[in-house]
Protein chains: 2
Amino acid sequence: MIIVFVGTAGSGKTTLTGEFGKFLDENEKRVAYVNLDTGVRVLPYTPTVDVREHITVEELMKKGYGPNGAIVESYDFLIDYLDEYIEKILKLEKEYEYVLIDTPGQMETFLFHDFGVKLMENLPNPLVVYLFDPTILRKAHDYCFVRFFALLIDLRLGATTIPALNKIDLIRDLEKTKRYLEDVEYLSARLELDSSMQGLLAYKLCKFLPEVSPSVRVLYLSAKTRSGFDELETVAYEHYCTCGDLT
Amino acid sequence: MIIVFVGTAGSGKTTLTGEFGKFLDENEKRVAYVNLDTGVRVLPYTPTVDVREHITVEELMKKGYGPNGAIVESYDFLIDYLDEYIEKILKLEKEYEYVLIDTPGQMETFLFHDFGVKLMENLPNPLVVYLFDPTILRKAHDYCFVRFFALLIDLRLGATTIPALNKIDLIRDLEKTKRYLEDVEYLSARLELDSSMQGLLAYKLCKFLPEVSPSVRVLYLSAKTRSGFDELETVAYEHYCTCGDLT
C-alpha cells in the first residue's frame with residue numbers, strides 16, 4: 001500500500017517518513033521509500049526512488065535560478081520523466097508491503113504542479129496523510145481551516161486524505177486540541193463568539209463540515225515518541241481494504 | 001489602501017505587482033511597493049520596504065541550509081522585526097494612495113508562518129488578491145478547488161480575498177473558463193457527472209458555495225495586456241469604501 005506524506009515546509013514530512021518506516025521495518029514489514037523532494041540535502045532513510053537522481057534545486061541555482069524559480073523549474077524538468085516514476089513506484093507497490101512517499105518540501109509544489117497531480121492520478125488508491133504543525137493552531141478558526149484544507153488536498157490530489165497533527169510532543173493540552181479538531185459542535189459554539197467577517201465565514205464552513213466530511217478521523221503523531229504510529233498503520237490497512245472509505 | 005498579492009510560486013505575483021503599480025503610476029496615483037520575498041533576485045519595481053535588507057534565502061544557503069530550510073528560517077529570523085515592518089507599512093499607507101505588497105515566492109510561507117499571518121492581522125483592511133494560473137484548471141473540480149481555496153486564504157489571513165485568474169493572455173476560451181468559475185449551477189451540473197469520491201466531494205462543496213460566499217467576484221488579469229487592471233482598481237476602491245463587503 002502507498003502512503004503519501006504531504007505538508008508545508010517544516011511540518012516534519014521527512015522525519016516522519018523515516019521514523020514510521022523504521023517502525024514498520026521493526027514490525028517485520030517490507031518498506032520502500034520514495035523521495036520526491038528536489039530540495040532536500042540529507043534524508044534519514046535510504047530511498048529506493050529519488051528525484052534527485054535527475055535534478056536538484058541547488059544545481060539549478062548554480063545555473064542562475066533563484067530559489068523559488070529553481071524549485072518550480074526542477075519539477076518542470078521532472079515532468080518528462082513522469083511515466084518512469086509512475087512505473088517505478090507501481091513496481092515497488094508490488095514488491096513491498098508499504099511504499100512511503102515523501103513529497104516536495106514546499107507543499108504547494110506538489111499540489112499545484114502537474115508533476116504531483118498527475119503522479120497521484122496514476123497511483124493505485126494511495127492514502128494521503130496531511131501533516132500540520134501545532135504552531136499554526138492559534139485561534140478557533142484555524143481548526144476549521146485545517147479541516148477544510150485536508151478536504152481541498154483530497155479534492156486536488158484525487159486521493160483519500162487524512163489530517164494528522166504532527167509533533168504532538170510539543171503540545172501541552174492535547175485533549176483540548178483534539179476537541180477543537182473533532183467536536184464540530186464545540187468548535188461551532190466558539191466560532192459563534194467571533195463577530196468578524198472571518199468568524200462568520202469559519203462558522204458557516206464549520207457547520208457544513210459534518211455534511212461534506214462525515215466523521216473523518218484525525219491522527220495525532222510524533223516522530224519523537226512514535227505516538228499514533230499504531231493508529232496510522234491501522235488506518236492505512238483499513239484504507240487499503242475498504243478502498244478509501246474511512247468513515 | 002493596501003493590496004496584497006498572494007499566490008503559488010510562478011503565479012505571477014511579482015510581475016503583476018510591478019505592472020499594476022506602473023499602471024497606477026501612469027494614472028497619477030501615488031504608489032509604494034513592499035517586497036516580502038526573501039528568495040527573489042530581481043524585482044521589476046523599486047520597493048520602499050524590502051525584507052531582503054534583513055535576510056535572504058541565498059545567504060542562509062551559503063551558511064549551510066538547504067533551499068526549503070533556508071526559506072522557513074528566513075521568516076523565523078524576520079519575526080523579530082515584525083513590529084518594525086508593520087510600522088513601516090502603516091506609515092506608507094498614510095503617505096501613499098496605494099501600497100502594493102508582493103508576498104513570499106512560496107505561498108505557504110505566507111499562509112502558514114506567523115510572520116505572514118501576524119503581519120496581516122495588523123494591517124488596516126488590506127485587500128488580498130489570490131492569483132492562480134490557468135494551468136491548474138484541468139478538470140471541473142479544479143474550479144471548485146480554487147473558489148474554496150480563496151475562502152481558506154480569507155479565513156487564514158483574516159482579510160477579504162478576491163480570486164484572480166492571472167495570465168489570461170494564455171487562455172483560448174475565456175468565456176468558458178469564466179462560466180466554470182462563476183456559474184455555480186453550470187459547474188454543479190458538470191460535477192454531478194463525476195461519480196468518483198472526489199467528484200462527490202466537489203459537488204457537495206460547490207453546492208454549498210453560494211451560501212458561504214454569495215456572489216464573490218472573480219478577476220481576470222494579465223500583466224502582459226493589462227487586462228482587468230481597471231477592474232482591480234475599482235474593486236480595491238470599493239473595498240476601501242465599504243470595508244470589506246464586495247458582494
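Visitor: How many salt bridges does a search of the whole structure find over all chains?

Guide: The search finds 34. The model is a predicted one.

Visitor: What makes the pair Glu121(B) and Lys139(A) a salt bridge?

Guide: The side chains of Glu121(B) and Lys139(A) come to 3.2 Å, N to O. The cut-off is 4 Å between a side-chain nitrogen of Lys or Arg and a carboxyl oxygen of Asp or Glu, so the pair counts as a salt bridge. The pair also crosses between chains: Glu121(B) sits in helix α6 (residues 114–121) of chain B, and Lys139(A) in the loop between β5 (127–132) and α7 of chain A.

Visitor: Why is Glu121(B) called partly exposed?

Guide: The relative accessible area of Glu121(B) is 37%. Buried needs under 20% and exposed needs over 50%, so Glu121(B) is partly exposed. Lys139(A), at 38%, is partly exposed by the same rule.

Visitor: Which residue of chain A forms a salt bridge with Lys139(B)?

Guide: That residue is Glu121(A), and the closest N and O atoms are 3.2 Å apart. Glu121(A) and Lys139(B) also belong to a network of salt bridges, linked with Asp114(A), Lys118(A) and Arg138(B).

Visitor: How many salt bridges are counted between chain A and chain B?

Guide: The count is eight. The rule for polar contacts finds 25 residue pairs across this interface.

Visitor: What makes Arg179(A) and Asp183(A) a salt bridge?

Guide: Their side chains meet at 3.4 Å, N to O. The limit is 4 Å, so this pair counts as a salt bridge. Arg179(A) has a relative accessible area of 43% and Asp183(A) has one of 26%.

Visitor: Is Glu233(B) buried or exposed?

Guide: Glu233(B) has a relative accessible area of 14%. The cut-off for buried is under 20%, so Glu233(B) is buried. Lys29(B) has 23% relative accessibility, so Lys29(B) counts as partly exposed.

Visitor: Why is α1(B) called mostly covered?

Guide: In α1(B), 10 of its 14 residues are buried. Among them are Leu16(B), Phe20(B), Phe23(B) and Leu24(B). The buried residues pack against β1 (2–7), β2 (31–35), β4 (98–102), β5 (127–132) and α11 (229–242) of chain B.

Visitor: What span does helix α1 of chain B reach?

Guide: Helix α1 of chain B, residues 13–26, reaches 20 Å from its first C-alpha to its last, close to the 20 Å expected at 1.5 Å a residue. After α1(B) comes Glu28(B), whose phi is positive, near 65 degrees.

Visitor: Why does Leu16(A) count as buried?

Guide: Its relative accessibility is 0%. Buried means under 20%, so Leu16(A) is buried. Leu16(A) has its place in helix α1 (residues 13–26) of chain A. The residues Leu16(A) touches include Phe5(A), Leu131(A), Leu221(A) and Phe229(A). Leu16(A) and Lys224(A) are 208 residues apart in sequence, yet 8.8 Å apart in space, C-alpha to C-alpha.

Visitor: Why does Tyr33(A) count as buried?

Guide: Tyr33(A) has 12% relative accessibility. That value is under 20%, so Tyr33(A) counts as buried. Tyr33(A) is found in strand β2 (residues 31–35) of chain A. Among the residues that Tyr33(A) touches are Thr17(A), Tyr45(A), Val49(A) and Leu100(A). Tyr33(A) and Val49(A) are 16 residues apart in sequence and 6.8 Å apart in space, C-alpha to C-alpha.

Definitions and conventions:
Residues numbered from 1 in each chain as written. Chains lettered and ligands numbered in written order. Predicted model: local features only at pLDDT ≥ 70, side-chain atom pairs only at ≥ 80, totals over all residues. Heavy atoms only, no water. Helix = DSSP H or I, 4+ residues; strand = E, 2+ residues; numbered from the N terminus. Expected span 1.5 Å × (residues − 1). Buried < 20%, exposed > 50% of the residue type's maximum accessible area, 1.4 Å probe, protein only. Contact = heavy atoms within 4.5 Å. Polar contact = N/O pair within 3.5 Å; in protein donor to acceptor, adjacent residues only side chain to side chain. Lists of a residue's contacts leave out its neighbours within four places in sequence.
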